[in-house]
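I opened this notebook to keep track of what I looked up in one protein model. The entries follow the order in which I went through the structure.

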Amino acid sequence: MSTAAPTPTPSPSPEPASAPARGGPLGWLRRNLGSLWAKVWWFHSFYALGLGVFIVIFAQKGFDNARWLTLGVGLVWLLLVLAFRFFGSGRDQRLETKGAKVRFFVMTYVLKNLYQGMLFFLLPFYWKSTSLDSDNRWFVVVLALCAFLSTMDVIFDKVLMRWRTLASGFYAVTLFAAANLMIPALLPGLATAPVQLTAAAIAVAGFFTMHVPLRALRQPRFAALLVGSLAAGMALVWAGRAVIPPVPMHVAAASVGPEVLPDGRLKMQVTSLHTSLVDQMYAVTDVVLPGGAGDRLHHVWRHDDRVVQRLEATTERAPGPRGTLRLSSRLSASQLPERRVGPWTVDVETADGQLVGRARFEVIE
């Protein structure tokens, strides 16, 4: 009797290889949020964002606290220099041992807290000095983005603190913004333009010293490079001063009207009026100067974005926060254009052409 051949046992099919991680932002998020440790850090990021909101509220309590920024920017510079000296930059960054990872973690944790304290402290001052319908709103957008990134632990640790150029650029922006505020707090009464030029020089020096050791400045070529960098940075800020808010100065109130009371206040504040009522116009603006009255301020009357008159406003003390001045100017009938219908603005500007704030109104037919 023939026996049937045993049925061969099918060999197990090889398991399919795991699909490669998807690229793009979603894939990046999956890889970084997959572990419990990463989730804890994301939770900490949202906590840091909430702490930043608290600092914004604290910053409203006074301009004098800006002096403490000096300590913050100094500590950040020291920690960044040490971090890249000990651990390297980019692909050469050395975090192989557990001890190195712990030291790197401690440094970045302190840095993030310092950045968060400074950036969220700066935001309300720049916000008040910004005119949202002008070019200087973009500086506040950049500053807000920096503040947000300082709370995102994964981005800060794995991107910003991996590359020396990114870290030093981030620091230079923060240093420039902080110096604009802390210089008037330390040396009140300075004009805005020299403060911003000094802040630019400080920021360039901070960036430079993170890439070139101080001892290298003994060599003429590095000293010349530093001088050239300082001059370029100051020239760039001077050319782009229209996009930099003139902190800490800001307009608390601005209005226009056809008549004034004997005490200098407007009889009525208008945003729209008929052309028959426009035979003269007055502008009254309350400007807060917590860093001292270092600038000469003007009222610039514009119609359809064209300058009609640039008037040096009369000033007097006004009720409000310390350093509040009331600026007034009058546009007479002889100074008004024949065609008056359309949008008007009265800008408060420094003698160097920086916008402090504005009032808007429209003349209708």
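**Entry 1. The nonpolar cores**

I noted at the outset that this is a predicted model. I began with the largest nonpolar core, which has 52 residues, and asked which of them touch the most other members. They are Leu69, Leu80, Tyr115 and Met161. I then looked up where the core comes from: helix H3 (69-87), H4, helix H5 (137-149), helix H6 (153-160), helix H7 (164-186) and helix H8 (192-209) each contribute at least two residues. H4 supplies the most, 14 residues.

Leaving aside residues up to four places away in sequence, Leu80 touches Leu111, Tyr115, Met161, Ala167, Tyr171 and Met210. Another core lies apart from the largest one; this other core has 16 residues, including Val270, Val308, Leu311 and Val346.

**Entry 2. The whole protein**

I stepped back for the totals. The protein has nine helices and nine strands. It has 365 residues, and 45% of them count as buried. I found an accessible surface of about 20,000 Å², with 63% of it belonging to carbon and sulfur atoms. Of the contacts with a separation of 6 or more, 70% are between residues 24 or more positions apart.

**Entry 3. A patch on the surface**

I asked which residues make the nonpolar surface patch of about 380 Å². I listed Val102, Phe105, Val106, Tyr109 and Val110. Val102 sits in helix H4, which spans residues 98-128. I classed Val102 as partly exposed because its relative accessibility is 44%, and partly exposed covers the range between under 20% for buried and over 50% for exposed.

**Entry 4. Strand S8 and its partners**

I turned to strand S8 (residues 342-350) and asked how many of its nine residues are buried. Eight of them are, so the strand is largely enclosed by the rest of the structure. On pairing, I found that strand S4 (residues 297-303) runs antiparallel to S8, with seven bridges between them. Trp301 stands opposite Val346 of S8, and Val346 is also among the residues of the 16-residue core.

Strand S9 (residues 355-364) is antiparallel to S8 as well, joined by eight bridges. Here Trp344 has Phe361 in S9 as its bridge partner. S8 and S9 make a hairpin with four residues between them, and Gly353 in the turn has a positive phi of about 85°.

I looked up a second hairpin, made by S6 and S7, with six residues between the strands. In its turn, Gly320 has a positive phi of about 140°. Strand S6 (residues 314-317) and strand S7 (residues 324-331) run antiparallel and are joined by four bridges. Thr315 has Leu327 in S7 as its bridge partner.

**Entry 5. Backbone details**

Val247 and Pro248 are joined by a cis peptide bond, with omega about 0°. Pro248 is in the loop between helix H9 (220-239) and strand S1 (250-257).

Asp304 is not a glycine, yet its phi is positive, about 55°. Asp304 is in the loop between S4 and strand S5 (306-312). Asp305 lies in the loop between S4 and S5 and has a positive phi near 65°. Is Asp305 buried or exposed? I found a relative accessible area of 70%, so Asp305 is exposed. Asp304, at 40% relative accessibility, counts as partly exposed.

**Entry 6. Salt bridges**

I counted twelve salt bridges. Asp133 and Arg358 form one of them (3.2 Å, N to O). This pair spans 225 residues: Asp133 is in the loop between H4 and H5, and Arg358 is in strand S9.

Arg326 and Asp286 form a salt bridge (2.7 Å, N to O). Arg326 is in strand S7 and Asp286 in strand S3 (residues 281-288), 40 residues apart. I noted that Arg326 is buried at 14% relative accessible area, and Asp286 is buried at 12%.

Arg302 and Glu349 also meet in a salt bridge (3.3 Å, N to O). Arg302 belongs to strand S4 and Glu349 to strand S8, 47 residues apart. Both Arg302 and Glu349 are buried.

How values were computed:
Residues numbered from 1 in each chain as written. Predicted model: local features only at pLDDT ≥ 70, side-chain atom pairs only at ≥ 80, totals over all residues. Heavy atoms only, no water. Patch = residues over 30% accessible without salt bridge, like charges linked within 9 Å, V, L, I, M, F, W, Y side chains within 5 Å. Areas by Shrake-Rupley, 256 points an atom, 1.4 Å probe, with all protein chains shown as cover. Salt bridge = Lys/Arg side-chain N within 4 Å of Asp/Glu carboxyl O. Buried < 20%, exposed > 50% of the residue type's maximum accessible area, 1.4 Å probe, protein only. Core = buried A, V, L, I, M, F, W, Y, C linked by side-chain atoms within 4.5 Å. Contact = heavy atoms within 4.5 Å. Pairing = 2+ DSSP bridges.
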